[in-house]
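Work through the exercises below with the model open. Try each task before reading its solution.

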Amino acid sequence: MNYFYLVWKGIWYKPLRTVFSLASIAVAFLLFGLLQGVNASFEEAVDKSGADRLYVRNNVSDFEGISISALSPLESIEGITSVAYQVLFPSYYRQPSDLVVAFAVDPNRFFKVNQDLAVSPQALATMASTRTGALVGAARAQREGWKVGDRIPLHSTYWIRSDGSREWTFEIVGIFSDKDQKVNFLTNGLLINYDYLDEARAFGKGLIGVFLVNIADPSAATQVARAIDTRFANSSWPTKTETIKDGVATQLKQIGDIKFMVYAVVAAVFFTLLFLTGNTTMQSVRERTAEFAVLKTLGFSDRVVTSLMLAEVLLLYATAAVVGLGVAALLLPALASNFGIATIPVSVILGGFGIATVLTLATGLLPALRLQRLNLVDALSGR
Amino acid sequence: MVTLSNIVKRYRRGTQDVEVLHELNLEIPDGQMLALMGPSGSGKSTLLNLIGGLDRPTAGSITVGGERIDQFSSSQLTQWRARHVGFIFQFYNLMPTLTARQNIELPLLLTSLSKAQRSRHVEAAIELVGLSGLAEHKPTELSGGQQQRVAIARAIIADPTLLLCDEPTGDLDRNSAVEIMNLLQTLNREHGKTIIIVTHDPMAAQYATRQLHVDKGRLVESDARTVA
């Protein structure tokens, strides 16, 4: 027997109460893990979007599009090294809940701009020669079990074919991945040929969604962006250009201040938990006052007895944190297609255990004071 | 040797100070088995708590083994109790989540003994109190007499010189009470423990080598001579 065993046994003084406490705390940490994981994915999306890349879209909205004829004038602007374009192809596979985010692109241009993605030259060549070809992100391919040569039917929720159908079939010609092996919305998605989409779609012909522009000097991003917008100010498609970092951040802002909401929800959950477990701990200490008094009578110091009690609370929180964050880590890959993140960042795990420690101290403070002031004679006689 | 000199103990009850022990003097030689008897509220448990360092006198001095324990700080008293005193309570006060063996081992966590050494000590104590075969049982699985044996084993495991027993047979039937008193007598006679027993039970008191009555905070020898 050792001190840890004493702590462990103390936790199971009332097993049912412990199980319920563990479950409620674990659910709080699960929520924390999921929400913070999502938060981290958004932060990563913003951070990963380089300042050396510009995002050129229609001044009115992304849905208006820009004519592909703007490509040549765009490439001629000083400071621009390469240009790609893409059209969002929202769709689902088999059932509406299985969303697939696809982009119609010029594959060669796309991979030249997106240097953080890797694809084999052979796959690129095949894509160029296969009108209905598709390059699949590694994460999506793994999830669906797709392989080169498979034909996959997608139902587009936006694009209608010239014959009125929304069913599109693509042949997988290759698989691309993130060079850092990260899972994000691209590696969870699909790339198709822009030329094929443009030819087959019933409307929007000749339009692209956004231009992705690489520039030579990131510090000149503002000047280049202004030059682009000036160049197209009086055209049929006035543009709004910003760094991709700003663009992503702006998009995220449009769906609300996610970080604030996440923090608010997590704070409310843990604040409630503080009262719940605080009350439970106080009740447990009250019920076991005679036991703690016996320990002191046997010669266990105030410090040791208080530490044992705090260790019980910490173990409860830490166990619940491991369970909650563990389940969150298991669930996040399943949600990766929605949030683009497959693992809980280390910072979130450390944050979780930091919260467990703070809650332990906050929860254990009053019971600890009670134990420090325990009158042995009264406690042993049950007064 | 336990020496109490001019011990006064007052409690505050509401707005009034109540003096429980009045200028009390007592000497208990090493190896004595002393029974403290008296009606409820006479102050006998208070006296036991003072000797055991669980409470402090309002006035007077308490010397145990040459140490003035009334002058000890709270933490010094805690350490002193761990080294020198074993407590036995009426309602056993065992840890319900631990087995008999683990309850007995508890005080040894405060020592520097290795796991193997602790295990040997526990086995010897289990043997001494006659609990072989019941060591892995939890307190709720044991009878009152068996629980009190566990409590006695826990009290002697760290080899204290002083055993303080507060109504050790108060919750037991006659046969169990006799067994427990025989055990305490063995610890006194064969192991040299100084034992102080607070009891209402005349049968239990008969096992003592000396009997004292506490009456309204004063000590009276069994021959009715007032000690102090």
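Predicted model: local features only at pLDDT ≥ 70, side-chain atom pairs only at ≥ 80, totals over all residues.

**Exercise 1. Sort the residues of strand 6 of chain A by direction.** Which residues point one way and which the other?

Solution. Then assign the residues. A:Gly133, A:Leu135 and A:Gly137 point one way, while A:Ala134 and A:Val136 point the other way. Next, check burial. Strand 6 (residues 133-137) is mostly covered, with five of its five residues buried.

**Exercise 2. Find the two sides of helix 8 of chain A.** Which residues of helix 8 are buried, and what do they pack against?

Solution. List the buried residues of helix 8 (residues 221-231) of chain A: A:Ala221, A:Val224, A:Ala225 and A:Ile228. Look down the helix axis. These buried residues fall within an arc of 100°, so they line one face of helix 8. The face turned away from the buried side carries the exposed residues A:Thr222, A:Arg226 and A:Thr230. Finally, follow the packing. The partners of the buried residues in chain A are strand 1 (53-58), helix 3 (71-75), strand 3 (80-92), strand 11 (210-215) and strand 12 (239-243).

**Exercise 3. Locate the nonpolar cores.** How many residues does the largest nonpolar core have, and which have the most contacts inside it?

Solution. The largest core has 110 residues, and B:Leu36, B:Ala153, B:Ile196 and B:Ile197 have the most contacts inside it. Helix 12 (residues 302-334) of chain A supplies the largest share of this core, 13 residues. Another core lies apart from it, with 49 residues, including A:Val83 and A:Ala134.

**Exercise 4. Describe the contact between the chains.** How many residues does each chain bring to the contact?

Solution. Chain B brings 20 residues and chain A brings 17 residues. On the chain B side, helix 2 (74-84) and helix 3 (100-105) each supply at least two residues. Helix 2 of chain B gives the most, with five residues. By class, the chain B side has ten nonpolar, seven polar and three charged residues.

Technical notes: Residues numbered from 1 in each chain as written. Chains lettered and ligands numbered in written order. Contact = placed C-beta atoms within 7 Å. Helix = DSSP H or I, 4+ residues; strand = E, 2+ residues; numbered from the N terminus. Nonpolar A, V, L, I, M, F, W, Y, C, P; charged D, E, K, R; others polar. Core = buried A, V, L, I, M, F, W, Y, C linked by C-beta atoms within 7 Å. Buried ≥ 20, exposed ≤ 12 C-beta atoms within 10 Å, placed from the backbone. Arc of directions from axis to C-beta.
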